[in-house]
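Below are some questions and answers for a reader who is new to this structure.

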Amino acid sequence: MQGLRQDVVHLGQRPIAPVKEHRLLTPGVQVALQAYAFLLPIIAVVVLSFFNWGLLALPTFIGLQNYSRLLSSASFWHSLFVTFYYVLLNIPMQTVLALLLAVLLNQKLPGRGIFRTLFVVPWMATPVAMGIVWQWIFDPQYGALNAFLSVFHIPGPAWLSSPAWAMPAIAAVNIWQYTGYNMLFFLAGLQSIPEYFYEAAAIDGASPVRRFFTITLPLLSPTLFFVLVTDIIGSAQVFDTVYVMTKGGPGDATSVLNFNIFRQAFEFFHAGYASALAMVLFLFLLIITLLQVFYFRSRTVYDLS
Amino acid sequence: MKHNTWYRPLRTMSRGPLSNGPRSQSSWRPLGLIAVGLVVMMMSMTLAACGGGGSSSSGGNGVVNLTYALWDQNEEVGYKQSIAQFMKLHPNIHVTIQQTPWDQYWQKLNTEFAAGNAPDVFWDHQAYFPQFVQQQQLMNLSSLIQQDKVDMSQYYPTLVKEWTYNNNVYGLPKDWDTIAILYNKQIFQKMGLASPTSLTWKPTDGGTFLQLAQKLTVDQNSKHPGDAGFDAKHINQYGFVSENTGQEGYWNFIAMNGGTILDKPFGQNFQFNQPQSVQALQFDVDLINKYHVSPSATETNNNSGVAEQLFEGGHAAMIAAGSWELSAVSQQSNFPWGVAQLPAGSEGVMSVFNGLTDAIYAKTQHPKEAWELEKWLASSESQHIMGSGGYVWPAIQNEDQSFVEFWQKKNIDVSAYLKEAQGKTVTFPITLGYNEASIKINDIFNQMYLGQIPVQQAANQAVQQANEAVQSASSGS
Amino acid sequence: MSLVKTELVARKEATGEKQTRKRLLQRVPSYMISYSILEIGVVISLFPYFMALMTSLKPPDQIFSSSAWSLPHPLTLQNYVNVVTQYSFVDYIWHTLLFSSILTIGQLIFSTFAAYAFARLEFPGRDQLFWLYLATLMVPQVVTLIPLFILLRTFNLVNTWTGLVIPFVLGTPYGIFLMRQFFRSIPRDLEQAARIDGAGTLQIMRDIILPLSRPIMSTLAIITFVQGWNNFLWPLIVTDTDDLRVLTVGIAAFQSNYGTQWNLMMAATFIALGPLLVLFFLFQRQIVRSIHLSGFK
């Protein structure tokens, strides 16, 4: 009989009676389709990384030359360093702020729905336009930030033109943009922690701070895991903000890896080299993610008893 | 595979596993309706737009569809008129104009080259010409020119030379531009100053140009640079805008001081770290950081159009602008303004002289029709439309008058540009890999203009990195 | 845990009402602190929008003569009018709406199926494949763009709707990740009971999984929609003509080498933002109530 498939239930029991399934609609076929779609461009990139390609002519095979070139390139290592510096500036601050906001909005404050919406609004803007607005804010002479600082008699630096402050400025913009978004995930995680855990602890005499560290954080660890993994991956690939606001400058102070990849591919037309750079970024992200998986695997609390 | 869920959700299911409660169905309904509506909309739009895809194609009735790519939105208005005319004369050819802003134009074009899908005819620029021509993406027009007896003598000879490679021509010149000073007549009148003609500049003391700029620079307490109590952080009006730009900025000064940018066309040695070039760069940077007649580079770095906007807002008395900017400036300024030649250096007045051509994609599917379009855009009829609309100086020497007349009607004398074009000029530096080199130079010069790196050091670094970029490009990287 | 619960209830009853009233009074100062922090957060979140709004309401000549946060002097809506009439922004909105909607529908359909497969079905290499999908998130979009574009060219799909949506319409690994984690939190007993009753995979999905997933799907829908709305690089490269142009590309076109028309760009940004805000208001409660991150590993 065509189109029938045995659906075996893994209960260690005997197989149940066969069920009619439409082959094309099964999730398995789904996955096969997607595997094809997602992996094809990635495979192309991997392959390209071994070629030299100026886009105008056909690619020429050069083996590992792209990789040896990038390993010996000072600007590559600098890029890597700048990217990690950015991730360090960005992620901890963003995570702490998002958690703080989530904790605050987890209370039964009237009007919390409005606050929740307003905090997510930064995430919705077109990166190009918001990057420009932030450029205005950071403008050393006419910008809002330095004007605000001058009220307290603090001389503001040249922000985006200052080698020391350009990267923190970019990090600040991204924190602004994504804190609200991350807050949503934490909020949901918090809301699924039952009240009576806290009440029990309170009765036992635990302070709010202790309750946070012994109950909230552990129970939040699965959420934390998801948020950290996806955030670090996204953050290491920062591009839009740098492209709009500093174009990698001043000098190479904000020359993050993804911006370099873009430059190599679309401004210098070294598509093969850009692919190799992308592969290296991928490798680093893979290692970091695996480290996180191992860290969280042993520490994630599923059950307080 | 571990199957532990970390804890069971407290809200267990209130309804049975297989029951389809009315609540679940009705809560899906509005979403379902929206989804269905969207799918219908999607299908109808797909069917409608399905035909309009791909680059050039032949429609029914033997109509050939050509795509024409450009970046300037202002000039696009003029070109639409010109192309409408063309389509009337050639009813079997339909041209679709694709406009992409400068920043993204080249990314898109090169991606299209990579895919073998570039527009049939497109605006070409000296910065990218070497790469395109070497990689055989441009159609060689020499035989077609001979065949159709196109009169090449009607164009400015420099332009034709610029677009010739290995004795073959790769584009018919359609316009030219030089750089001149735009000045705000209202400010000059108010301050009782004579118009800025016959200015000079010297690396040592800045010449009459600097003197004038200092008189024109005013801070919020009406003080000038050099006065006691002059506050460089609160300037209301700048005398001039000096910024990190080659074509509209330091290339002109370098040439006027006897320096060079590149050793020769398609050369691999940049020369702007030689003494005469460094002097010119120092002068340009000093206008900002030493003499304070120009705004800080924090305002102008990586921001194109700041000079024009300061000028249009009445905050800069003089700027250096290419002739292609005239219509944009005119639209945005509401005060009388004029054009003057650049200040003269030790070599006299020299300006960068450049021009664009339309290139035909080597792999176009409609070479004959593309050539017709090319000929049209390079013809005196089309160039008359562009010149008399005040968009650009036409590449055909006889048509220059139409451009002059357009601006005369607006009371603006643009002959300064023409005088410079007919005088000593310097061409755009072209070489393979120039694009990458110029980006590297730009990054270092950003810091130089900020005053973070001394000029000679910046020039040395820039020359070194630019040479590396150019050499690796030539070695086929 | 139920022992704790009973004890708690017992203690509560013992102490009675006095405790409740005292606790309410104790809450007020902590609410004040919370409110102040939240207000500061809101100001920081919205201040840039305020600046953009001010700019969008100013006539062009006022842009440079005043600071970006100052109020417009003759307040004008002309920028909005210009954006809509002189530039085909209404068309761009439709295009972007269609684009985002197709992506969202595709994501909801295909990622749900795939996520269920990864969460519940057994097939060889299941987990390895899942981690491979996740790994694809670690390769920047910038480099996959070129091979994708060439692929489209080969099938003559450049500058077409199909070409525009194809890389995203089958869902994204992020969506699959999110849904899979959620599915794993659904107790297996439900599905096993259903299977014993003879239900096939599709029936289980329709009757059990989907009703439970409504909130997480709302979340995924909003995330996908917003990402599609703000997608820039891909539509830029793939579309050539105005009849396919999306909002982000349209807004970027206000930047030219003469200087950006800030007032128009900001007006266009708000026009682009409007539909997103509306959508978010409509769905926000579901989203927050629902991101049930139980089962995340």
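Two strands pair if DSSP finds at least two bridges between them; strands (E, at least two residues) and helices (H or I, at least four) are DSSP runs, numbered from the N terminus. This is a predicted model, in which local features need pLDDT of at least 70, side-chain atom pairs count only at pLDDT 80 or more, and totals for chains, interfaces and linings use all residues. Residues are numbered from 1 along each chain as its sequence is written, while chains are lettered from A and ligands numbered from 1 in the order in which they are written.

Q: Which residue in β12(B) does B:Ile181 stand opposite?
A: Strand β8 (residues 179-184) of chain B runs antiparallel to β12(B), and 4 bridges join them. Across from B:Ile181, the residue in β12(B) is B:Ala340.

Q: Which are the edge strands of the open sheet in chain B?
A: The sheet has 5 strands with mixed pairing, in the order β9-β10-β11-β8-β12 (chain B). An edge strand pairs on one side only, and this holds for β9 (218-219) and β12 (337-340) of chain B.

Q: At about what angle to β10(B) does helix α8 of chain B run?
A: Axes are lines fitted to C-alpha atoms, for helices over the stretch in contact, and angles run from 0 to 180 degrees between N-to-C directions. Helix α8 (residues 207-216) of chain B lies across β10 (235-240) and β11 (316-322) of chain B. Its angle to β10(B) is about 160 degrees.

Q: Which helix gives the largest share of the side of domain 1 of chain B that touches domain 2 of chain B?
A: By an automatic or database domain assignment, chain B is divided into domain 1 (60-177 + 355-409) and domain 2 (179-352 + 432-474). In the contact (C-beta atoms, placed from the backbone, within 7 Å), 12 residues of domain 1 of chain B meet 11 residues of domain 2 of chain B. The largest share of the domain 1 side, 3 residues, comes from helix α4 (residues 129-134) of chain B.

Q: Is C:Phe89 buried or exposed?
A: C:Phe89 is in helix α4 (residues 89-120) of chain C. Leaving aside neighbours within four places in sequence, its contacts are C:Val83, C:Val84, C:Gly250, C:Ala268 and C:Ile271. A residue is buried if 20 or more other C-beta atoms, placed from the backbone, lie within 10 Å of its own, exposed if 12 or fewer, and partly exposed in between. Because C:Phe89 has 23 C-beta neighbours inside 10 Å, it counts as buried.

Q: How many residues does chain A give to the contact with chain C?
A: Chain C takes part with 80 residues. The number from chain A is 85 residues.

Notes:
Two residues are in contact if their C-beta atoms, placed from the backbone, lie within 7 Å.
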